[in-house]
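The report below describes a single protein chain, moving from its overall make-up to selected local details. Please keep the sequence and the 3D view at hand while reading.

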Amino acid sequence: MKFMQKLFLAFGFFTACATLAHAHAFLDHADPKVGSTVNGSPSVVKVWFTMEIQGVLSKIEVFDVKGHEVDEKDARVDPADKSLMVVSVPKLPAGAYKVVWNAVCLCCGHHTTGAFTFEVAAPKNPHYSLNKR
C-alpha cells in the first residue's frame with residue numbers, strides 16, 4: 001500500500017509541476033505581425049499573450065534601429081481582453097523596429113520576456129512610371 005501512496009504522491013507532484021510550467025504568459029500573436037513588413041505606420045502596437053497579464057507589472061516598448069524608444073509610453077492592458085497589451089506609437093518613418101515585452105501572468109505572477117521585430121516599408125513613389133519615354 002505504501003508503494004501506491006508514493007506513486008500517487010509522485011504523480012500529483014509531477015502533474016502540479018507540469019501545470020505550473022504552463023502557467024506563463026507568452027507571446028501568442030501581435031499586430032503588426034512578428035517579422036512583418038507593413039505599408040504605412042501603425043498607430044498602435046498590439047501584443048496578445050497566451051494568458052491574462054497584470055497591467056501594472058507588464059509592459060511593451062518599441063525601439064528604432066538606434067535603440068531609441070519611439071512609443072508613447074502609454075502601454076496598457078485592454079480592459080475587455082486582459083491577454084492584450086497595447087502601446088501607441090507616433091507616425092513611424094520607414095525602417096525596422098523592435099518590440100520588447102515583459103509580461104507578468106495574472107493568475108500566478110510568473111514573469112516572461114521576449115522581443116520581436118517588424119518593419120515599416122518606404123512609401124512607393126506614385127509618380128514613378130515604367131512607361132517613361
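## A cis peptide bond in a loop

Pro-32 is found in the loop between β1 (27-31) and β2 (37-39), where strands are DSSP runs of E with at least two residues, helices are runs of H or I with at least four, and both are numbered from the N terminus. The peptide bond that leads from Asp-31 into Pro-32 is cis, and its omega is near 5°.

## Basis of the model

This is a predicted model, in which local features need pLDDT of at least 70 and side-chain atom pairs count only at pLDDT 80 or more, whereas totals for chains, interfaces and linings use all residues. Residues are numbered from 1 along each chain as its sequence is written, and side-chain values use heavy atoms, with hydrogens and water left out.

## Overall make-up

The secondary structure comprises 1 helix and 8 strands, which follow one another along the sequence in the pattern α-β-β-β-β-β-β-β-β. Of the 133 residues in the protein, 31% are buried, where buried means under 20% relative accessible area, exposed means over 50%, and partly exposed lies in between (1.4 Å probe, protein chains only).

The protein exposes about 9,000 Å², of which carbon and sulfur atoms supply 61%; accessible areas come from the Shrake-Rupley method with a 1.4 Å probe, and for residues only the protein chains shown count as cover. Among contacts (heavy atoms within 4.5 Å) between residues at least 6 apart in sequence, 60% join residues at least 24 apart.

## The open sheet

An open sheet is formed by 4 strands in the order β1-β3-β6-β5, with antiparallel pairing; two strands pair if DSSP finds at least two bridges between them. Because β1 and β5 stand at the edges and have a single partner strand each, one side of each is left without a neighbour in the sheet. The twist averages 30° from one strand to the next, with axes taken as lines fitted to C-alpha atoms (for helices, over the stretch in contact) and angles running from 0 to 180 degrees between N-to-C directions.

Within this sheet, β3 and β6 pair in the antiparallel sense over 5 bridges, and Trp-48 has Leu-84 in β6 as its bridge partner.

## Cysteines and a positive phi

With a disulfide taken as a pair of cysteine sulfur atoms within 2.5 Å, the count comes to 0. Cys-105 is in no disulfide, its nearest cysteine sulfur being that of Cys-107 at 3.1 Å, a separation that is too far for a bond. Cys-105 counts as buried because its relative accessibility is 0%, whereas Cys-107, at 56%, counts as exposed.

Lys-73 lies in the loop between β4 and β5 (76-78), and its phi is near 55°, a positive value in a residue other than glycine. Lys-73 is exposed, with a relative accessible area of 59%.
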